[in-house]
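Please open the model in your viewer and keep the sequence panel in view.

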Amino acid sequence: MSKKKIRVAVIGATGYVGQRFVTLLEGHPFFDLQVLVAGPKSKGKTYQQACQGRWKLELPMPQRLEDTLVYGTDELDQWCEGVDLAFCAVDMDKAALIALEERIARQEIPLVSNNSANRWTRDVPIIIPEINSQHFAILESQKKRLGTQRGFLVAKPNCSVQTFLPALEPLRDFGLEKVFVSTYQAVSGAGRRLEDWPEMQGNVIPFISGEEKKTEEEPLKIWGRVEGDHIVRSDQPIISSQCTRVAVQEGHLANVWVKFREPCEREEILRRWRDYCPLPQALGLPSAPQPFLSYREEADRPQPQLDTLSCKGMGITMGRLREDSIYDYKFSCLSSNTIRGAAGGAILTAELLYKQGYLD
């Protein structure tokens with residue numbers, strides 16, 4: 001007998017990432033999207049009405065959801081009954097968002113958040129499923145703090161982090177000492193479209209508020225360790241970043257320089273990327289890209305137009321690996337910021353939670 005599907009809510013369903021959640025969850029083998037939640041402007045409208053003139057994706061809105069009524073974020077008691085899992089991508093004040101996410105968890109609803117608000121809460125793991133699923137162990141301690149049996153919070157990292165950290169993970173035992181990363185981030189990372197952002201037309205803006213701090217610090221929590229009732233950050237490597245907004249609709253590109261403690265050969269790096277098969281891939285999870293990491297030998301790859309949708313937007317594409325005169329090696333990475341970096345990464349996290357029994 002097949003297992004009953006998990007009933008799902010998407011909070012922030014009218015935004016760019018929320019729309020990604022809605023389209024990616026349609027027809028999912030584990031999850032059944034039933035509840036749509038958004039801010040006060042969308043409250044009480046049908047999903048079609050709420051997204052009128054605001055649908056940002058190339059894919060159409062799922063027809064079955066067009067007439068679904070959208071709940072407000074202040075109507076938790078009206079929609080939470082019968083929901084087994086929530087994804088959150090709503091734009092709110094940080095303090096209000098922390099309170100909302102914890103209130104949802106206290107309703108015994110596991111929540112996977114796309115937001116940054118709870119990433120630095122001591123017992124909330126920041127998860128990239130292919131890297132640190134062992135951090136799920138902190139959830140028992142978190143549930144004690146929240147007073148829950150089943151409800152908990154898991155965060156996904158900033159979209160730029162998911163562009164380059166997967167490429168570094170298979171190389172960690174060479175001793176990562178220093179990493180410099182320069183990111184070139186698409187306008188969809190700001191929830192925008194190029195045609196609606198005149199100042200980005202043919203332009204580059206070398207500043208994204210808060211992005212460099214996230215890019216430098218979140219990897220250290222992801223690479224940290226669970227100790228008692230909190231996650232201790234790693235003290236290595238030292239990471240420096242420069243983040244730039246570019247006139248590209250979809251796809252974050254990162255140029256990475258890395259200094260190792262131990263010597264390594266280029267062919268060994270390529271072999272490790274090629275052979276890396278982490279847990280989601282080994283389990284054959286529905287959203288797990290096969291392969292997770294891909295290397296392009298062409299001198300001008302990866303490119304957003306050609307490689308962003310690798311493995312349906314869930315794959316990481318690398319290229320231009322070569323020795324460096326200051327660091328040891330440098331290379332380029334690319335990923336979809338709204339699929340792998342946002343909604344798709346959160347769904348894959350939920351699939352792993354489901355497979356490991358956390359959603360029972």
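Select helix α6 (residues 161–168); helices here are DSSP H or I runs of at least four residues, strands are E runs of at least two, and both are numbered from the N terminus. Its buried residues are Val161, Gln162, Thr163, Phe164, Leu165, Pro166, Ala167 and Leu168, where buried means under 20% relative accessible area, exposed over 50%, and partly exposed in between (1.4 Å probe, protein chains only). Because 8 of the 8 residues are buried, α6 is largely enclosed by the rest of the structure.

Two notes apply throughout. This is a predicted model, in which local features need pLDDT of at least 70 and side-chain atom pairs count only at pLDDT 80 or more, whereas totals for chains, interfaces and linings use all residues. Residues are numbered from 1 along each chain as its sequence is written, and side-chain values use heavy atoms, with hydrogens and water left out.

Next, select strand β1 (residues 6–11), which is largely enclosed by the rest of the structure because 5 of its 6 residues are buried. β1 pairs with strand β2 (residues 31–38) in the parallel sense over 6 bridges; pairing requires at least two DSSP bridges between two strands. Within this pair, Ala9 has Val35 of β2 as its bridge partner. From β1 the chain passes through helix α1 (residues 16–25) to β2 in a right-handed β-α-β crossover, that is, with the strands pointing away from the viewer, the path from the first strand over the helix to the second runs clockwise. β1 also pairs in the parallel sense with strand β4 (residues 85–88), over 4 bridges, and Val8 stands opposite Leu85 there.

Now display Phe21, Leu25, Phe31, Tyr47, Leu85 and Phe87, which touch the most other members of the largest nonpolar core, a set of 44 residues. Such a core joins buried Ala, Val, Leu, Ile, Met, Phe, Trp, Tyr and Cys residues through side-chain atoms within 4.5 Å. The elements giving two or more residues to this core are β1, α1, β2, α2 (47–50), β4 and α11 (339–355); α11 gives the most, with 10 residues. Apart from this core lies another, of 33 residues, among them Leu165, Val256, Ile269 and Met318.

Finally, select Ser287, in the loop between α9 (279–283) and β13 (293–296). Ser287 counts as buried because its relative accessibility is 18%. What does its side chain contact? The side chain of Ser287 makes a polar contact with the side chain of Glu351 (2.6 Å); a polar contact is a pair of N or O atoms within 3.5 Å, and within protein one must be able to donate a hydrogen and the other to accept it, while residues adjacent in sequence count only if both atoms are side-chain atoms.
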